[in-house]
Amino acid sequence: MNIPSGLGEALLHSASDAIIATDRDGRITFWNPGAERIFGFTAAEATGQSLDLIIPENLRARHWAGFRHTVETGTSRYGHGDLLSVPGLTKDGRRISVEFTIVLLRDESQEVAGIVAVMRDVTKRFEEVRELRRKLAEAGGKS
């Protein structure tokens, strides 16, 4: 397969989708311009921080249980094209809706060394669907 020169750099430094990499402890090691646009933190602010930076407090326990399971087992159902939809937290404290997939980073012995998430802000679509459901429920309740 012939990969065009500069493709990796172009993808990593794009501002469209967030690309966030962590080490196996969940510390941010890479934060692209898309992550800055979506979450509001600069790369300097985010790098070295825990993923708790963008995870709403009430969801952290569940997130870390899944994260540890993935690191320990080297498997995740979200690494094969299945999207995970979750709330995220922006620098100004707003909750947003994000969808993402992950890629496991492995060391020479094939142990999980970190995780990369490719994320997209789907807040607008999520809110539109919620409003449509509300309108359908209201219409269905009328006689």
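The following conversation goes through selected features of a predicted model.

User: Let us begin with the aromatic rings. How many aromatic pairs are there?

Analyst: The count comes to three aromatic pairs in this predicted model. In one of them, the rings of W31 and F39 have centres 5.8 Å apart and planes at 45°, so the pair is tilted.

User: Are W31 and F39 buried or exposed?

Analyst: W31 is buried, and F39 is buried as well.

User: Which arrangement do W31 and F41 have?

Analyst: W31 and F41 form an edge-to-face pair, with 6.4 Å from centre to centre and 75° between the planes. W31 belongs to strand β2 (residues 28-31), while F41 is in the loop between α2 (33-39) and α3, so this pair ties together parts that are ten residues apart in sequence. Both W31 and F41 are buried.

User: And which residues do the ring pairs link into a cluster?

Analyst: The cluster consists of W31, F39 and F41, linked by ring pairs.

User: Changing topic: how many salt bridges does a search of the whole structure find?

Analyst: The search finds seven salt bridges. One of them joins K91 and E45, whose closest N and O atoms are 2.6 Å apart. K91 lies in the loop between β3 (84-89) and β4 (95-106) and E45 lies in helix α3, so the pair ties together parts that are 46 residues apart in sequence.

User: How accessible are K91 and E45?

Analyst: K91 counts as partly exposed because its relative accessibility is 45%. E45 also has a value in the partly exposed range, at 32%.

User: What does R60 form a salt bridge with?

Analyst: R60 forms a salt bridge with D52, and the closest N and O atoms are 3.8 Å apart. R60 is partly exposed, with a relative accessible area of 23%. D52 counts as partly exposed at 25%.

User: Where do E138 and R134 lie?

Analyst: E138 and R134 both lie in helix α5 (residues 123-141), four residues apart, which is about one turn of the helix. Their side chains meet in a salt bridge, with 2.3 Å from N to O. E138 is partly exposed at 41% relative accessibility, and R134 is partly exposed with a relative accessible area of 38%.

User: Which residues are linked with them in a network of salt bridges?

Analyst: E131 is linked with R134 and E138 in a network of salt bridges.

User: Let us stay with helix α5. What does the side chain of T123 reach?

Analyst: T123 is in helix α5, and its side chain reaches the backbone nitrogen of S97 at 2.9 Å. A polar contact of 2.5 Å also joins the side chains of T123 and D121. Leaving aside residues up to four places away in sequence, T123 touches I96 and S97.

User: Why does T123 count as buried?

Analyst: T123 counts as buried because its relative accessible area is 14%, and buried means under 20%.

User: What about S50: where is its place?

Analyst: S50 is in the loop between α3 (43-46) and α4 (60-73). With a relative accessible area of 16%, S50 is buried. Not counting residues up to four places away in sequence, S50 touches G26, R27, I28 and W64.

User: Now the surface. Which residues make the nonpolar surface patch of about 500 Å²?

Analyst: M1, I3, L7 and L11 make that nonpolar surface patch. I3 lies in the segment before α1 (7-12). At 54% relative accessibility, I3 counts as exposed.

User: Is Q110 buried or exposed?

Analyst: Q110 is exposed, with a relative accessible area of 52%.

Notes: Residues numbered from 1 in each chain as written. Predicted model: local features only at pLDDT ≥ 70, side-chain atom pairs only at ≥ 80, totals over all residues. Heavy atoms only, no water. Patch = residues over 30% accessible without salt bridge, like charges linked within 9 Å, V, L, I, M, F, W, Y side chains within 5 Å. Areas by Shrake-Rupley, 256 points an atom, 1.4 Å probe, with all protein chains shown as cover. Salt bridge = Lys/Arg side-chain N within 4 Å of Asp/Glu carboxyl O. Helix = DSSP H or I, 4+ residues; strand = E, 2+ residues; numbered from the N terminus. Buried < 20%, exposed > 50% of the residue type's maximum accessible area, 1.4 Å probe, protein only. Contact = heavy atoms within 4.5 Å. Phe/Tyr/Trp six-rings, centres within 6.5 Å; stacked < 30°, edge-to-face > 60°. Polar contact = N/O pair within 3.5 Å; in protein donor to acceptor, adjacent residues only side chain to side chain.
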